[in-house]
Amino acid sequence: YDVVEARYVSGYIVWLRFRDGTAGEIDLGPELWGEVFEPLRDVNYFRQFHIDPHFDTLAWPNGADFAPEFLHDNIRVTA
């Protein structure tokens, strides 16, 4: 489940498109607990996500990331 496109929507919601064509939104707010995810509670920092080129998933400058399988299984499909 490679993430190929990611766009910020609002709050902690991100729109994602996967290599298999699945696309939709995910609210990551409820998942931002624990030491590595704490900085992401700052929306300005949260918005600094990128697609990690080695793991093909959503990642942040501090090394936080989510397994692509988790993202794929939990998006609200919009396309």
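Mentor: Of the 18 residues in the largest nonpolar core, those that touch the most other members are Leu16, Leu28, Leu40, Leu58, Trp60 and Leu71. Such a core is a set of buried Ala, Val, Leu, Ile, Met, Phe, Trp, Tyr and Cys residues joined through side-chain atoms within 4.5 Å; buried means under 20% relative accessible area, with a 1.4 Å probe and protein chains only. Two or more residues of this core come from each of the elements β2 (13–18) and α1 (43–46), and β2 gives the most, with three residues. Here helices (H or I, at least four residues) and strands (E, at least two) are DSSP runs, numbered from the N terminus. In soluble globular proteins, nonpolar side chains tend to be buried together.

The model is predicted: local features need pLDDT of at least 70 and side-chain atom pairs pLDDT 80 or more, while totals for chains, interfaces and linings use all residues. Residues are numbered from 1 along each chain as its sequence is written, and side-chain values use heavy atoms, without hydrogens or water.

Consider Leu71 within this core. Leaving aside residues up to four places away in sequence, Leu71 touches Val3, Leu16, Phe18, Ile26, Leu28, Thr57, Leu58 and Phe66, a contact being heavy atoms within 4.5 Å.

As for the whole chain, two helices and six strands make up its secondary structure, in the order β-β-β-α-β-β-α-β. Of its 79 residues, 37% count as buried. Among contacts with a separation of 6 or more, 49% join residues 24 or more positions apart. The C-alpha trace spans about 30 × 25 × 15 Å along its principal axes.

Definitions and conventions:
Buried < 20%, exposed > 50% of the residue type's maximum accessible area, 1.4 Å probe, protein only.
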